[in-house]
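The following note concerns the fold of one chain in the structure shown here.

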Amino acid sequence: MISETWALTVREVKKWVREPILLFMMIIQPVIWLGLFGKAFNLTGLIQLPPNLPPQFREMINQMLRSTFGGTTDYFTYMAAGMICVIVLFTAMFSGMSLVWDRRFGFLNKLLAAPIPRGSIILAKINSSVMRGMFQAILVLGIAMGLGLKVGDAFGPLDVLGILAALALLSLGLSSMFVAITIRIKRQETLMATVNLLNLPLMFASSALFPITQMPDWLQTIARLNPISYGCNTVRAFILHSSEGLDLSSLTFNFEVLIAFALIFSLAGIFFADRGLRKG
Amino acid sequence: MSMVETQNLTKAFGKLVAVDHVSFDVKEGEMFGFLGPNGAGKTTTINMLTTLLKPTDGTARINGFDVVKDANKVRSIIGLVPQDLTIDDDLSGMENMMLQSKLYHVPEAEARRRIEEVLRLVDLWNDAKRKVETYSGGMRKRLELAEGLIHYPKLLFLDEPTLGLDVQTRTLMWDYIRKLKEEQKMTVFLTTHYMEEADALCDRIAIIDHGQIKALDSPRALKDRLGGDVIELSLSEHSADITKAILTLPLVREVKNYGDVYRIKVLRGEEALPSLLENIMKMNLKVVRVSLTKPTLDQVYLEIAGRSLREHEGSKEEAMRMRRNMMRMRT
């Protein structure tokens, strides 16, 4: 299982690493996203504090902003943490695309006729999608820092590791979910329609771009079920790691949700691979 | 022991019965062909034999292993060269081969040796480092064939091995396939809708139409069913006595006389012709003109299925796939 999965993962990775345009787009896309959403929708900037405001009022308003925006007064910082997760979502969405192509071109048949576990075909797709998602997420983090992301005063290498762990789990779960959706889909049009139906709700009904507490109740319920919220909250907590320390209990809870999400969907993907991939 | 053994093998897609209670055997070392028009059930049969599809009814065994219960054992002893071009364009020929060898668990050092061997067999060794994107249609098909050979399968499935290739490349493919049979003693199961191909390559042919086997025999025997070859003779003189005399000669089955032309049905035309001419000369007759016509499998098909193989039109999907393959070949 491991050697076949690895051989197939290498194939997937070679395919996108060798495409210079694809790599270029992967770098340019996050810059555009950060620029458009982060700088144009500057929500915290809407509250313009008059310069002669007494310091205690100023501190009070900032305190309100901090509690709403997860510990920062800067919307760009808030949103960049969310954007890192959205990028992971967008990469995962297309993990199924290559499966549809493989099916259409008959490559999948060749794999199915080979003496390999069906799960390895699915795992390879998931693997390469996770690798790609992580690569892009790290890039976005770097670019966001260049564009003015304000990290907490205690931010260090351990926080970066924490961010990577959270993103890996989120990406594993999302990629598995989209590959599982694609297992039975035979046309790229169907997949595009499905993906388009899911992407915006998943992005907006989460804490990626907008604080959950400011949403209407029904939307809050959805956002709290959305795994992307947990990814965003975790990444944000690490980025804003201040000298006051991390909120360990909420971090643990977030990680538990992410681990459960990743496990359930990746196992389901592998489990359904045998029945689902077969034709007819 | 038979390499392939099927009993009442059946596959239905809803109401459409694509393969209808088909039973046949393929012997070890044999080159066995499925001949029939598009949509006759050839690829569906291959898909069941290669474990890609589960039969609706009936059984199939490959080298004694059941295609449903022992699917993985079957997979490890068969090679499949599918109808579609399934090679990864973004990888080089060598990388495609390495991937294939890993999927079939060939150890790396052994794989390198075998890749050179099979790529030389199909004359692609010098192009191995190039991206497949740059290959011609014929080269892709050859690489596909090489991939099917990497794990030294006992049984090789070739689904329409020369579909969409030009005549020259087709003959070249035939040579490679013959070489396989002679050098590797491999059992080959191929499907085709080209008469010439079945005739040139196969030891035995099953003619399949509407999911059923209509006839199964060697190409020679199938053609003999039509009553054998036809020799036409123009002689310097003609009489009823000559007709009678010719009828007594060996291998002759039927003689008809139209003016000075004798239309003679014989078994095994190549052998019958020399002895026929010899005997006629002994009768002191002068042969003005002679021709030998051999029946084609096309005629056999006409006789068996009641219509010509070439009249069939493929489905829309078939046409789409053909076009897609053509497009890939041209780039």
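How many bridges join strand 11 of chain B to strand 14 of chain B? The points below begin with that pair.

1. Six bridges join strand 11 (residues 229-235) to strand 14 in chain B, and the two run antiparallel. Within this pair, E232(B) has S291(B) of strand 14 as its bridge partner. Strands here are DSSP runs of E with at least two residues, helices are runs of H or I with at least four, and both are numbered from the N terminus; two strands pair if DSSP finds at least two bridges between them.

2. This is a predicted model, in which local features need pLDDT of at least 70 and side-chain atom pairs count only at pLDDT 80 or more, while totals for chains, interfaces and linings use all residues. Residues are numbered from 1 along each chain as its sequence is written, and chains are lettered from A and ligands numbered from 1 in the order in which they are written.

3. The open sheet in chain B has four strands in the order 12-13-11-14, with antiparallel pairing. Strand 12 (252-258) and strand 14 (287-293) of chain B each have a single partner strand, so one side of each is left without a neighbour in the sheet. From one strand to the next the twist averages 15°.

4. Helix 9 (residues 240-247) of chain B packs on the sheet and touches strand 11, strand 12 and strand 13 (261-266); its direction makes about 160° with that of strand 12. Helix 10 (residues 269-282) of chain B also packs on the sheet, touching strands 11, 12, 13 and 14, and its direction makes about 20° with that of strand 11. Contact requires C-beta atoms, placed from the backbone, within 7 Å; axes are lines fitted to C-alpha atoms, for helices over the stretch in contact, and angles run from 0 to 180 degrees between N-to-C directions.

5. Chain B is divided into domain 1 (2-222 + 306-330) and domain 2 (227-293), with bounds from an automatic or database domain assignment. Their C-alpha centres lie 43 Å apart.

6. In strand 8 (residues 187-192) of chain B, six of six residues are buried, that is, with 20 or more other C-beta atoms within 10 Å of their own, C-beta atoms being placed from the backbone. T187(B), F189(B) and T191(B) lie on one side, and V188(B), L190(B) and T192(B) on the other.

7. Strand 8 of chain B pairs in the parallel sense with strand 3 (residues 31-35) over five bridges, and F32(B) stands opposite F189(B). Five bridges also join strand 7 (residues 155-159) of chain B to strand 8, again in parallel; L158(B) has L190(B) as its bridge partner.

How values were computed:
Two residues are in contact if their C-beta atoms, placed from the backbone, lie within 7 Å. A residue is buried if 20 or more other C-beta atoms lie within 10 Å of its own, exposed if 12 or fewer, and partly exposed in between; C-beta atoms are placed from the backbone.
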